[in-house]
Amino acid sequence: MPRPLVATVHLAALQHNLALAKKIAPASKTWAVVKAHAYGHGLARSMRGFAAADGLALIEVDGAVRLREMGWRKPILLLEGFFEPADLPMLAAHEVQAAVHCTEQIEMLEKSALRTPFDVHLKMNSGMNRLGFTPDRYCAAYERLRAIPAVRNIALMTHFANADDADNAGLPLAEQISRFHHICEGLAGERSLANSAAVLNHPEAAADWIRPGIMLYGGTPVSTSAQALGLLPAMTLSSEIIGVQDIGPGEAVGYGSRFIAERRMKIGIVACGYADGYPRHAPNGTPVLIDGMKTGIVGRVSMDMITVDLSAIPNAHVGSRVTLWGAGLPIDEVANAAGTIGYELMCALAPRVQVVEQS
Ligand SMILES: *Cc1c(COP(=O)(O)O)cnc(C)c1O
């Protein structure tokens, strides 16, 4: 018997969320971002869910090749590009496009003697100071790429630090947008800037292509709830109660006795722990649904179990249905309670968790 812990991936939600992104940016083409095993949802499954996308973008070189092997015919983009010279012939052969963000990558291309045409996305560091060429070095990098015979199209890209917080004094969003477009003036090539937060809050950043990730999975990076935005959760993590304890005042629950009861209580033991991807730092009160009713965890998260307060759910018993996040309990709400973000919870789903697909 498998453990009752199951992640259900809702293909219809992937399709719905993609359609919503396309509706918000009707003039743009869409790279559906499927890095990190499609944010924990599975690459093959998400490829099917995102059949209507114009392209798929990811980080993993082997994942890009796998997408081709699984039959994806439309564009594929590696958001960090290639990592070593040996990647190049393989990527060119599979028609995988690559970001170019540093001089070392340009050198690899120059030395590669590639014959197959290769499409690149020149990345600008417009202020985030992570990957990319600074504005003053961008045009020179463009010219150098232009001179490489195998380089066919050069697209222009940058990434936002604060699309969820546009007025951030460290780097206002408008500053990044204007730096990018100012430098790109006169350079041929399709432009892409917008992650989910920009798609949702800043239509002015949409350009030729958008690059949404988290919103396609039903998470929101902005302050408006996913539900209010019309996004549907693409993953429901559910389990069952596998044990019940009745405890009295002064009795403690779990490792370190972090929770001590003040009154008589019923405690449910749920088959899901940090080895499944549940956040170990989740405090007492982190929300959980038992048979559709909301309660909270009590005591430390263990490797294979969490403990929840069943005091207000007297009918709960071994076998009662538990929702950790997803339909009925937004992942952002759980993440927020646990001091993290929905992205991290999705990506952390552990390999031992059984995944089932729902059309
Ligand atoms: C991950 C990523 C995205 C998608 O970001 P979300 O916040 O998940 O929408 C877009 N562009 C790049 C370069 C990325 O690495």
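How close do the axes of helix α6 and helix α7 come, and at roughly what angle do they cross? Hi everyone, let me start there, and please keep in mind that this is a predicted model.

Two packed helices are described by the angle between their axes and the distance between the axes. For α6, residues 103-112, and α7, residues 135-146, the axes come within 11 Å and the crossing is roughly 10°. Angles under 35 degrees count as roughly parallel, and α6 and α7 are therefore roughly parallel to each other. On the α6 side, the contact is made by Thr103, Ile106, Glu107, Leu109 and Glu110. Facing them from α7 are Arg137, Ala141, Arg144 and Leu145. If you sort the residues of this contact by type, you get four nonpolar, one polar and four charged.

Now, on to the aromatic rings. The count comes to six aromatic pairs, and I'd like to show you two of them. In the pair of Phe50 and Tyr217, the ring centres are 5.7 Å apart and the planes sit at 75°. Plane angles over 60 degrees count as edge-to-face, so that is the label for Phe50 and Tyr217. Where do these two residues lie? Phe50 is in the loop between α3 (43-49) and β3 (55-58), while Tyr217 is in the loop between β9 (209-210) and α10 (226-229), so the pair ties together parts that are 167 residues apart in sequence. Phe50 is buried, at a relative accessible area of 0%, and Tyr217 is buried too, at 1%. Both also belong to an aromatic cluster, formed by Tyr39, Phe50, Tyr217 and Tyr343.

The second pair is Phe82 with Phe118. Here the centres are 6.2 Å apart and the planes are at 55°, so this pair is tilted. Phe82 lies in the loop between β4 (76-78) and α5 (87-93), and Phe118 lies in strand β6 (residues 118-124), so parts 36 residues apart in sequence are tied together.

Last stop: Asn162, in the loop between β7 (151-158) and α8 (173-184). Asn162 is buried, with a relative accessible area of 11%. What does its side chain reach at 2.9 Å? That would be the backbone oxygen of Leu171. Leaving out residues up to four places away in sequence, Asn162 touches Asn168, Leu171, Leu173 and Gln176.

Methods
Residues are numbered from 1 along each chain as its sequence is written. This is a predicted model: local features need pLDDT of at least 70, side-chain atom pairs count only at pLDDT 80 or more; totals for chains, interfaces and linings use all residues. Side-chain values use heavy atoms; hydrogens and water are left out. Rings of Phe, Tyr and Trp (its six-membered ring) pair if their centres lie within 6.5 Å; planes under 30 degrees apart count as stacked, over 60 as edge-to-face and the rest as tilted. Helices (H or I, at least four residues) and strands (E, at least two) are DSSP runs, numbered from the N terminus. Buried means under 20% relative accessible area, exposed over 50%, partly exposed in between (1.4 Å probe, protein chains only). A polar contact is a pair of N or O atoms within 3.5 Å; within protein, one must be able to donate a hydrogen and the other to accept it, and residues adjacent in sequence count only if both atoms are side-chain atoms. Contact means heavy atoms within 4.5 Å. Axes are lines fitted to C-alpha atoms, for helices over the stretch in contact, and angles run from 0 to 180 degrees between N-to-C directions. Angles under 35 degrees count as roughly parallel, over 145 as roughly antiparallel, 65 to 115 as roughly perpendicular and the rest as oblique. Ala, Val, Leu, Ile, Met, Phe, Trp, Tyr, Cys and Pro count as nonpolar, Asp, Glu, Lys and Arg as charged, and the others, Gly among them, as polar.
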